[in-house]
Amino acid sequence: MSTTQTAIVIEEGSQKSRLSIPKRLLGDVDPEWVNLWERHGSSMVKADELSLEEFRKDPAAYSFTFPTCSGPPVFHIEDIEIPVSRPAGNIVIRVYTPEGPGPFPVHLNFHGGGWVLGNLNSEATWCRKMCNKAQIKVVDVDYRLAPEFPYPTSIYDSWDAVNWTIANVPRLNIDPMSVSIGGLSAGGQMTAVLGHFARDAGIDLKLQLIIVPATDMRYCLRKRELNETTCPYESVLLYHDVPWGPLGREQWFLKYWLGDDDDLQEKILTKEWICTPVLAPSFKNLGRAHIITAEFDLERDEGEFYGFLMQNAGNHVTMKRYPGMPHAFAHYNHPKRGLSQSFVHIEDTSRLLREVHFRKGGQ
C-alpha cells in the first residue's frame, strides 16, 4: 500500500462505536489507522475484556490483527523440535531458508502477544519477507506461553533457542559469527533481556532488533494510582486509555504472565531486571541495537528510554519512531487490510538486517 493511496473514508454521520478513537487524537493519528480501526476494531470485544479461557475458544472473534496474510513463498521452511531447560521440555522453532549454498547469517525472532498469546503464525509474513529480502535464515521461536508456563519460562525458552541454534551450525548451515535477534512487544522485551545474556555469554550479536518493547511496566501495578509521580513516561499518561492498546490490556497480560497477586507482581516488576530491563545492572558492551517505537503507543517512551540507557553506556544504538502509529502496527501487513507504515517497517528492517549481516564488519 502506498502512502499516496487514498484512505478508506468513513461515512459522515455514521454512529460512533463504543471503542471509537477519541476526538482529541483524530487530527494526529494516521488516517489509515483511524479508518482501519473504525471499520474493523471499534465494535469488537477485546481480549482483555474477557477471560483467557473464553478468548481461546475463538481468538479471531476478539482481534482483527490476525490472521495476517500468509506472505510470499520461501525456498525452504522446516519445523524443528528442540529441548528447553526451565522447566525441561520441548518447543518448536520454524526455520526459513533462502535459496543458495550458504552458510547463511541467521536472525532469531521472538513473536509478540504479551507472553500469553501468539504462535508461529503471528509474524510469519515478516519472517518470510526477511528471509527473501535480506537473504538470511530466519528462526521463529514458538516459546511456551503463560499461564501454563508463567514468567520467566518464555525468556529462558528463547535463550535456549539462541544457544541451540549456535550449537547446531552444520545442521542449520549457518554462520555462527553472524547472528542477530529480535522481537515485537513481548518479543522486544525478551530481545532486550537476551542482549544482556548474550554479552555475558560472549556471543557477539550483529543486531538486537527491539520493536515496540515493554521495558518498564512498573506503571501497570494495579494498586498504584497512575500519575506523573508514579509514572515518568508521558506516552503512558497520554495514551493509557486508547481503545487499541490500553493500560488494562497490559495488566491483563501481566495477570497471566506474572500471576494475579499484586504483591508478587510488585516484587517481580520492581526487583527483577529480566522482567524490567531498564533495571539491568550494567548496560556496558551490549551488541548493536535498533529500537522501533510507535507514536501512539503507551509503551513508546519506555522503549526510547531503554535506547538512551544503551547509548549513554557507549553502545551503538539507532532508533526510529513511526508517526501516527499504534502499538502493534507492524502486524498490519495484509495487502487489503494493511498500513503503509507496516510496509515501510518491512523495508526498513530487511535493509538493516542485510546491512548488519553482509556489510564488511557488520557495523
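The pLDDT is the predictor's confidence in each residue, on a scale from 0 to 100. In this predicted model the protein chain has a mean pLDDT of 92, and 93% of its residues reach 70 or more. Local features require pLDDT of at least 70 and side-chain atom pairs 80 or more, whereas totals for chains, interfaces and linings use all residues. Residues are numbered from 1 along each chain as its sequence is written, and side-chain values use heavy atoms, without hydrogens and water. Over residues 1-15, pLDDT stays under 50.

Strand 3 (residues 104-110) pairs with strand 4 (residues 137-142) in the parallel sense over five bridges, and F110 stands opposite V141 in strand 4.

The structure holds one cavity of 30 Å³ or more, a cavity being a set of points, on a 1 Å grid over the protein atoms alone, where a 1.4 Å probe fits but cannot get out. About 100 Å³ of space lies in the largest cavity, volume being the space filled by probe spheres set on the points. Its lining comprises 13 residues (an atom within 4 Å of a point), of which E123, W126, L184, A330 and H331 are the closest to the centre. The lining includes five nonpolar, seven polar and one charged residue, with Asp, Glu, Lys and Arg counted as charged, Ala, Val, Leu, Ile, Met, Phe, Trp, Tyr, Cys and Pro as nonpolar, and the others, Gly among them, as polar.

Notes:
Contact means heavy atoms within 4.5 Å. Two strands pair if DSSP finds at least two bridges between them. Helices (H or I, at least four residues) and strands (E, at least two) are DSSP runs, numbered from the N terminus. On a 1 Å grid over the protein atoms alone, a cavity is a set of points where a 1.4 Å probe fits but cannot get out, and a pocket is an open set with protein on both sides within 12 Å along at least five of seven lines; lining residues have an atom within 4 Å of a point.
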